Amino acid sequence: MKKLESYINGKWTSGSGDGIVMHDAITGEVIGTSTTEGLDIPEVLQYGRAKGGEILRKMTFQQRGNMLKKLALYLTKRKEEFYELSYRTGATRVDSWIDIEGGFGNLFANASLRKLFPNQPYHVEGDPIDLSKGGRFMAHHILVPKRGVAVHINAFNFPIWGMLEKCAVNWMAGVPAVVLPAPQTAYLTEAVVRVIIDSGILPEGALQLLSGMTKTILDTVQSQDVVTFTGSARTGRILKAHPRLIEESVPFTMEADSLNASILGKDAVPGTPEFDLFVKEVRKEMTVKCGQKCTAIRRIIVPSELVEDVQIALGQQLDKVTVGDPRLKEVRMGALASKQQVESFKNNISEIAKTAQIVYGDLDKLETVGADAQKGAFVSPILMREDNPFKNTNAHTIEAFGPVATIMPYDTLEDAITLSQMGKGSLVSSIFTYDDKIAKDYIVGAASHHGRILVGNRENAKQSTGHGSPLPLLTHGGPGRAGGGEEMGGMRGIKHFMQRCAIQGTPTTLTEVTGIYQANSAYKESENHPFSYHWEDIEPGMSLKTHKRTVTDTDIIGFANLTWDHFYAHTDITSLDGSIFEKRTAHGYFILAAAAGLFVYPNKGPVAANYGLEECRFLRPIYHNDTVYVRLTCKEKVDRDVASAEHPSGIVKWFVEVFDTEDELVAIATILTMVQKKQTSLVEMTEAKIQECLSKLSADAKPKWGMMTPQHMIEHLEYTYRIASGEIQDFEIATPEKILDKVHNSLYNYEPFPKNTNFPLLKKGELEDLKHPDLETAVIKLNEAREAYKAYFKENPDALLKNIVFGELNKYEWYLLERKHLNHHFDQFDLLG
């Protein structure tokens, strides 16, 4: 019998003993066992803190985000191998999509948050705070990664999503994880972890897996650790009260099962789109993952007069649900996770049925498709009805974790709100109405008891992610029974794994600490104009003081005529009585434009474009004949992704201070520029460099990769130059249209071509016949072809010529391709050094 392994302390390890037996939810077949007996759990936690934590904490947010993105792409390419295993948990293809690709989607979503964080290992939060009148003593807040591990105790229903939605967040924060999956479906979690570890994308120690139950994992947690739990409210309360958590003040986040409610608005009568949407949503939430979702609809709260209509409509929808082998296309609902889960489900249904009645489904009878109902963990969808929901509270307090929901009536919206609150806190509620007044009143009244509220109607139906779908950029959690925790939630979720610290000092000190220029900090006078530097060479505090400019009447009137801004203070000096202005006043935006004229660097350089304006304040009027100058200072640098046809670049935020001749500050602004990064990975292919490389090439040289001989390489380069000169154009572009833009735009990045890249016009796996008698002749022909290429674009500078891989290229793009292509092949024969 196969025993699952744990990945701990840098290796795969088996626990001792027999462990817990895992069964196929469809066939009942034994899959294997899981156990952590004999494993040194304190050592596992310490290994994560020391090994994984040390590496992750030193990585910047950009590096962590790109790591997550790379991992998400890697896993997505291998997703099909997880689907087959997921069927054994009882999940259909749709159910598995939520778990598998939803989990990978969490990695993508959290990776995108890197754009909101600085390009450094820690985060600076909020605005600076001046603690003194003179501006020489101030404060700011930073958040640094906690120096512990994230201990994730996960439920059985989402063995992949449950792990990755949590790990994505702690990895972005710079904290390693120890994952403890539920034993019923731990085999699927183990399969994904094996692929993650084999990828080598995560630093060692960033992820450890304990395959099996352990009751001691909380015994040695420390104050820098974070514990999260997903599962039953009862188990969560026991864990939350663990003495070690209290003693060490360990943050504990709980996401518990909750009795989520969906409300049908009184306007949503049969025949309206909202009524139909409501019924379909309830049916979906009852049956997706066989109802094993902590966000599933358990209570169906509908107007008293519509109870019968909803019951009938839901019954008709449930009639369409076929139960059986989830591999079959016709099956809409699979099985529960285990036989034990079936027993628990039935027992809880029986408790609710002491006052409510079962109006659809049967606990003892079930027809299945392609599977034996007795061998698998199959149950029927169960619809219940509680006519006295204010008196009988079982439907508000007992959760049967499976395909069940209970209809209950309300008379007024206040009644509906009260009923929704009787669940004592839930992860999510929803209301289906086309009346925004009803939606508002419900949300305001019910929000105190729910972590999320969805309003469904005809306008958002096609775009809505639905009642039960947590989204990584929104806070996921809920008050009361739901656990009181908050997971994910974009930046907020990442901050949960970081320690906030208020720092105090001089503006100059805090500029150095935060990497953000603070007002009144000492300037770092720039040797050259700041706009002449590449992104990497600019640093916060780098500053330039400009020459001066006197604002004239002509400037003000001309700007008014140019912009059509004829506000009286600029154009009618007879109307100034009683105003705040003493003389003809310059437009605020003229001051900003004039400031740009003073600090802008006119020459072409690394600054590619003006990217925007974040803040602008005009502190006092500038009158005609006033003289101003500007202090331009780098405030902050923000990395950015580039996917279009542009070179790698980052954003620089510049703090613009406008002063008068008395050195009084009259205006401030923060402007953003797009600044190109240095190109350091490719050697520039000047004429001299090309000839130097060619002179080093000998006929007996061996390539570092591939099968080309030196002459084959030279003849290949000659051939591509003949394409670039327009001599050869009788071919079709080989790159598929859907990815052509992406491939074309890759010319602008600074990454070398991958080794062993295949050229589509060459025979795959074999060498072409040589055209020239020897290498010397081939080099001569190569130089001739290159001269023809240069001559063509000199005569036709606006021409576009086809390339078989990159599509149509202009003159500059052929230069980019030439640089990459020559670097690739010259490096292949070790000619660049």
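## Ground rules

Helices (H or I, at least four residues) and strands (E, at least two) are DSSP runs, numbered from the N terminus. This is a predicted model: local features need pLDDT of at least 70, side-chain atom pairs count only at pLDDT 80 or more, and totals for chains, interfaces and linings use all residues. Residues are numbered from 1 along each chain as its sequence is written, and side-chain values use heavy atoms, with hydrogens and water left out.

## The annotated span

An unreviewed UniProt entry lists residues 540-641 as "domain: MaoC-like". UniProt positions follow the numbering used here, feature names are shortened, and annotations may be inferred rather than shown by experiment. The span 540-641 is 26% helix and 30% strand. Its end C-alpha atoms lie 21 Å apart.

## Aromatic rings

Rings of Phe, Tyr and Trp (its six-membered ring) pair if their centres lie within 6.5 Å; planes under 30 degrees apart are stacked, over 60 edge-to-face, the rest tilted. The count comes to 21 aromatic pairs. The rings of Phe-531 and Phe-599 have centres 6.1 Å apart and planes at 80 degrees, so this pair is edge-to-face. Phe-531 lies in the loop between β22 (524-525) and β23 (542-545) and Phe-599 in helix α19 (residues 588-599), so the pair ties together parts that are 68 residues apart in sequence.

Tyr-721, Tyr-789, Tyr-792 and Phe-793 form one aromatic cluster.

## Strand β16

Strand β16 covers residues 404-410. Which strands pair with β16, given that pairing takes at least two DSSP bridges? Strand β13 (residues 297-303) runs parallel to β16, joined by 5 bridges. Val-302 has Pro-409 as its bridge partner. Strand β15 (residues 382-385) is also parallel to β16, with 4 bridges. Here Ile-382 stands opposite Val-404.

Terms used. Buried means under 20% relative accessible area, exposed over 50%, partly exposed in between (1.4 Å probe, protein chains only). Two strands pair if DSSP finds at least two bridges between them.
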